[in-house]
Amino acid sequence: PVEKIPLEVFAQAGYGYAVARGQKGYNGVAILSKLPMEEAGSQDFADLGHARHVAGRLENGVTVHNFYVPAGGDVADRAVNEKFGQKLDYLTDMRDWFHRERPEKSILV
């Protein structure tokens, strides 16, 4: 969970800005920055209900997107492995979203 991130420790190391999404004991993403950054949203790609994306915007207009893409399991077959299907759906939804939104200045991590 986001409230468990030791932000003060990162701030002491010079990372005074953070945007994050998290889920208890499950998924989470964060961006730590030494430069001023404001939260720029998050997406629930593939409607999984997971905290797998967060975005932060720097003062110069660059948006940093951080992703935690589903691993997909050990069997690369949607028919027998639900997790692999989730990975494919996540990546497809992510691609389609960026095609619609057409970011001008972005970094994808």
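Author: Two strands are said to pair if DSSP finds at least two bridges between them, where strands (E, at least two residues) and helices (H or I, at least four) are DSSP runs numbered from the N terminus. This is a predicted model, in which local features need pLDDT of at least 70 and side-chain atom pairs count only at pLDDT 80 or more, while totals for chains, interfaces and linings use all residues. Residues are numbered from 1 along each chain as its sequence is written, and side-chain values use heavy atoms, with hydrogens and water left out.

Strand β4 (residues 53–58) pairs with strand β5 (residues 63–67) in the antiparallel sense, over five bridges, and within this pair His53 stands opposite Phe67 of β5. Both strands belong to an open sheet of four strands, ordered β3-β4-β5-β6 with mixed pairing. Because β3 (37–41) and β6 (106–108) stand at the edges with a single partner strand each, one side of each is left without a neighbour in the sheet.

Across β4, β5 and β6 lies helix α2 (residues 82–101), running at about 170° to β5; here axes are lines fitted to C-alpha atoms, for helices over the stretch in contact (heavy atoms within 4.5 Å), and angles run from 0 to 180 degrees between N-to-C directions.
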